[in-house]
Amino acid sequence: MTICNEKDLLKLIKRKEWTTLRNAIHEFDHLELAGIIDRSSEFESVILFRFLTREQAKNVFQELSHDKQEKIIERLAQHALKVADLLNDMEPDDRTAFLEELPGKVTQRLMQLLTPENREMATRLLGYPEDSIGRLMTPEYVAVKPHFTVEQTLAHIRQYGQDSETLNVIYVVDNNWRLIDDIRIREIILASPEQMIGELIDYKFSALSAFDDQETGVSMFKDHDRVALPVIDSAGTLLGILTVDDIFDVAEEEQTEDFHKFGAVQNAIISPLQATVTFLYKKRVFWLTTLVFVNIFSGAVIAGFENVLASAISLVFFLPLLIDSGGNAGSQSATLMIRALAMGDVQTRDWIKLLGKEFIVSLLLGLTMAAGVSLVAAVRAPEIILILVITMTLVVIAGSIIGMILPFLFTRLKIDPATASAPLITSIADILGVLIYFTVASKVLVGPTPPFSTY
């Protein structure tokens, strides 16, 4: 189908033939598109403008008068909710084309026009992924040009700083609003009034992309002593800022989510007081049911060593103590590794170095705990002290190694390491603990005649 005029384009919008519309727009030059968008209804102009490629949108926007530019941005803001609903009806490739990155100048002005209540929904229209920095940034900041004097800058701050999220950092941009640097207010205040801002900056700054994951923002704030970080688009245009209080909220949510995962809850949940019984049940049932079947292996191992149990019933008394020790050691080790990975203190390539260190630490812990259990056994069942000492040492080593390796393995597989949850580690350690316990017992107690009958 050849699209040759404006009416054909508008018909495609009414029919919701998005793929055809996307291809048809390329048949028009930017001057024609500017005229069509200007003459279309508010909703039609938003759809047409959003389907333009970034380069087309930039060229078309430049052809519009200042009043018309403001009008198209206002339309984007007014119809954000309606267009966001429309996205659900689009095919994935059409949705991707529709959400192509807008020119920075348009995005920047649009963000300024939106109320905080509408901004969260409208960022979907801008194409920022759900957990991206673009969903968190605020346009409330103060920016100056490098040719401003300190005196002009202070006057500018007094005029426009009233609604700024923070005045601790002032941003320096060029005439195209590309970020050049950021500068602390302290440096401006202490400088001579006649000095130009360009003389105070070193053109070294750290910035976040609007498309970065929010966890990247958490890491950046940990690495930089800043109350706010600038957010830019792919062309370096300053779109907004991300403040430390907003990123702290994200960090808290991530930690809560990891905590729930580590406790074998599928996803982070709302307050138990607010949640319904059904909601809580659904969030917890999967892991617990899965682990029931995992733990069947423990029973199968015990059943396989009935003869050993029959020869020394006293083995049963120490069974819970031994396997719990392995699970506890594994959970402790996993907690340390997950935190270290999350904080960036260790990398996945460090697992071999840590493996040797963990083995030595767990060996020392195992021997210490073995000494403790041998004191109990000296009173309760002295005939199996050797079995208990060997088993305690081995299960603590095994549990610790499992707890250390699983977070690294899951990270390598691009799975959240917190998924190496405590119940999962405990279940694996239980199976190995039972297997180690009865294997050691069968070797020590083997002989034509059992050294003792029953406890």
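Leaving aside neighbours within four places in sequence, leucine 48 is in contact (heavy atoms within 4.5 Å) with Leu10, Ile13, Leu21, Ile25, Ile36, Ile37 and Ser40.

First, the conventions. This is a predicted model, in which local features need pLDDT of at least 70 and side-chain atom pairs count only at pLDDT 80 or more, while totals for chains, interfaces and linings use all residues. Residues are numbered from 1 along each chain as its sequence is written, and side-chain values use heavy atoms, with hydrogens and water left out.

The chain has 20 helices and 6 strands; these are DSSP runs, H or I of at least four residues for helices and E of at least two for strands, numbered from the N terminus. Of its 455 residues, 47% are buried, where buried means under 20% relative accessible area, exposed over 50%, and partly exposed in between, with a 1.4 Å probe and protein chains only. Among contacts with a separation of 6 or more, 69% join residues 24 or more positions apart.

Which residues have the most contacts inside the largest nonpolar core? They are Trp18, Leu21, Ile25, Ile47, Leu48, Phe49 and Leu52, in a core of 33 residues. Such a core is a set of buried Ala, Val, Leu, Ile, Met, Phe, Trp, Tyr and Cys residues joined through side-chain atoms within 4.5 Å. At least two residues of this core come from each of α1 (6-15), α2 (18-25), α3 (30-39), α4 (42-51), α5 (54-63), α6 (66-78) and α9 (104-113). The most is given by α4, with 6 residues. A second, separate core of 24 residues includes Phe318, Leu319, Val434 and Tyr437.

Let me turn to α1. Asp8, Leu9, Leu10, Leu12 and Ile13 are buried in this helix, and its buried residues pack against α2, α3 and α4. With α4, the packing angle is about 95° and the axes lie 11 Å apart; axes are lines fitted to C-alpha atoms, for helices over the stretch in contact, and angles run from 0 to 180 degrees between N-to-C directions. The two helices are therefore roughly perpendicular, a term for angles of 65 to 115 degrees. Leu10, Ile13 and Lys14 of α1 meet Glu44, Ile47 and Leu48 of α4.

After α1 comes lysine 16, with a positive phi near 60°. Lysine 16 sits in the loop between α1 and α2 and is partly exposed, at a relative accessible area of 45%. From lysine 16 to leucine 86 the C-alpha distance is 9.6 Å, across 70 residues of sequence.

Finally, the strands. An open sheet of 3 strands runs in the order β4-β5-β6 with mixed pairing; strands pair if DSSP finds at least two bridges between them. Because β4 (208-209) and β6 (238-243) each have a single partner strand, they stand at the edges, and one side of each lacks a neighbour in the sheet. The pairing of β4 with β5 (residues 228-232) is parallel, over 2 bridges, and serine 209 has isoleucine 232 of β5 as its bridge partner.

Beyond four places in sequence, aspartate 182 touches Val169, Ile170, Tyr171, Lys204, Phe205, Arg226 and Pro230.

Methods. Angles under 35 degrees count as roughly parallel, over 145 as roughly antiparallel, 65 to 115 as roughly perpendicular and the rest as oblique.
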